[in-house]
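Student: I have not worked with this protein before. Could you take me through it step by step?
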Amino acid sequence: MARPTVAIIDRQALRDNFMLAQSLAPDSQSMPMVKANAYGHGALEVCGALADMAPAFGVACIEEAIALREAGVKQPILLLEGTFSKDEVAIAAQNDFWLMVENTVQKEAVLTASIDRPVIVWLGVDTGMHRLGFQPGEINTHFNELKTSNNVAETMVIASHFACADDLQSKATDEQLECFDQSVSSLDLSSGHAFSLANSAGILAWPKSYRDWQRPGYMLYGNSPFSVNQENADQLKPVMTFESAIISVRHIAAGESVGYTANWTAQRASSIATITVGYGDGYPRQAPNGTPVLINGVRCPLVGRVSMDMITVDVTDLDSVNIGDKATLWGPQLTVNEVAAFCDTIGYELLTRMPARVPRIYIN
Ligand SMILES: *Cc1c(COP(=O)(O)O)cnc(C)c1O
């Protein structure tokens, strides 16, 4: 007794993807990014599956970090956007949260906090993304100010983020690397320090970007950040299988339409299967006619509009189709990237916005 719409999460695939990240940059550490509920996979369970391998985890904000800490996650947790208000510095110090410091407001909050143990600071440099971080020429000043504060732990991490590492042809990544090396070359690094640059795309395709800490996100969930084949990315194992089942089958004549707005009309006598999954489950409403859906493992085209709780698929070419048969929206045999491409978005978005209505089922 249960709606058959579920996301099956393969913990072994997750661990294998993490080991791939670690093996590509074996002399340094990889910190799994588990923001946005671990890209929709369930942050607590992902942290649990990686608990004996991951040195730390990364989240977007302190609320995500507190939830993990309260649920028993032991590792340090990096707040990728740092603090949003001053009081968060004390909570971070108490809970072993590491703070990204990206602007002078965040810096002042750290310097003036009344805390009895220092926080680990990750100092953000803007090497070309132009979203967060200090200007390369100012880094020296901020670094020195933080370094001499009792509120800041001795080992600081200087970090930056790539804008275009998913584009294997782009010159931007090399330019950002050059900018980074140039801007840190002026620092007095006599006390402890470390560096961090690479996201998934950096880890998979830009070995020049490896530093002390890597920050793999999307790749851990088994999907490629690239739109073309890439040797390392091709080894990734999709972690999530989003599946549902057929709840109705009907036969319609040529000329009949299907679904809201009747935006698809049968050109031939057709068999239509209705599946109990819709945009209320995170299946994208933008999915056009022809988006592939696996019915019993065979690709069939979506036809008609995606509804809140249902979709309709043309199964005319299948030999036999019955109520209860399995439908797979994405997974190892049909990547979320492929579905996303039909919908004019990226797999990152489809995964992170999957709602709680879809039960996550953990295997392996
Ligand atoms: C989300 C994020 C990452 C991970 O990016 P992926 O492309 O998912 O690997 C790394 N670093 C920062 C700062 C991030 O915000």
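**A loop residue and the wider fold**

Tutor: Let us begin with one loop. Aspartate 344 lies between helix 10 (336-342) and helix 11 (347-352), in the loop that links them. Please keep in mind that this is a predicted model.

Student: Is aspartate 344 buried or exposed?

Tutor: Aspartate 344 counts as exposed, at 77% relative accessibility, because the cut-off for exposed is over 50%.

Student: And what is phi of aspartate 344 near?

Tutor: Phi of aspartate 344 is near 60°, a positive value in a residue other than glycine. Aspartate 96 also has a phi near 60°. Aspartate 96 sits in the loop between helix 5 (88-95) and strand 5 (97-101).

Student: Let us step back. How many helices and strands does the protein have?

Tutor: There are eleven helices and 18 strands. The C-alpha trace spans about 75 × 45 × 35 Å along its principal axes. Of the 364 residues, 54% count as buried.

Student: What about the surface and the charges?

Tutor: The protein exposes about 15700 Å², and carbon and sulfur atoms supply 51% of that area. It carries 25 positive and 40 negative side chains, with the centres of the two sets 5 Å apart.

Student: Which domains is the protein divided into?

Tutor: The division is into domain 1 (11-224) and domain 2 (240-363). Their C-alpha centres lie 37 Å apart. Eleven residues of domain 1 are in contact with ten residues of domain 2.

Student: Which residues touch the most other members of the largest nonpolar core?

Tutor: They are Val34, Tyr283, Ile295, Ile311 and Trp330, in a core of 109 residues. Domain 1 and domain 2 both give residues to this core, so it lies between them. Apart from it lies another core, of six residues, including Ile252 and Trp264.

Student: Why would such residues gather at all?

Tutor: In soluble globular proteins, nonpolar side chains tend to be buried together.

Student: Back to Val34, then. What does valine 34 touch, leaving out residues up to four places away in sequence?

Tutor: Valine 34 touches Ala43, Val46, Cys47, Phe57, Gly58, Val59, Leu68 and Tyr221.

Student: Now for the start of the chain. Where is isoleucine 8?

Tutor: Isoleucine 8 is in strand 1 (residues 6-10). Its relative accessible area is 19%, so it is buried, the cut-off being under 20%.

Student: What does isoleucine 8 touch?

Tutor: Not counting residues up to four places away in sequence, isoleucine 8 touches Val239, Met240, Thr241, Glu243, Ile361 and Ile363. The C-alpha atoms of isoleucine 8 and proline 359 are separated by 8.4 Å, although these residues are 351 residues apart along the chain.

Student: And where is isoleucine 9?

Tutor: Isoleucine 9 is in strand 1, and it is buried, with a relative accessible area of 1%. Leaving aside neighbours within four places in sequence, isoleucine 9 is in contact with His41, Val239, Met240, Arg360, Ile361, Tyr362 and Ile363.

Student: What share of the contacts with a separation of 6 or more comes from residues 24 or more positions apart?

Tutor: Residues 24 or more positions apart account for 64% of those contacts.

Methods: Residues numbered from 1 in each chain as written. Predicted model: local features only at pLDDT ≥ 70, side-chain atom pairs only at ≥ 80, totals over all residues. Heavy atoms only, no water. Helix = DSSP H or I, 4+ residues; strand = E, 2+ residues; numbered from the N terminus. Buried < 20%, exposed > 50% of the residue type's maximum accessible area, 1.4 Å probe, protein only. Contact = heavy atoms within 4.5 Å. Areas by Shrake-Rupley, 256 points an atom, 1.4 Å probe, with all protein chains shown as cover. Lys, Arg positive; Asp, Glu negative; His and termini not counted. Charge placed at Lys NZ, Arg CZ, Asp CG, Glu CD. Core = buried A, V, L, I, M, F, W, Y, C linked by side-chain atoms within 4.5 Å. Domains from an automatic or database assignment.
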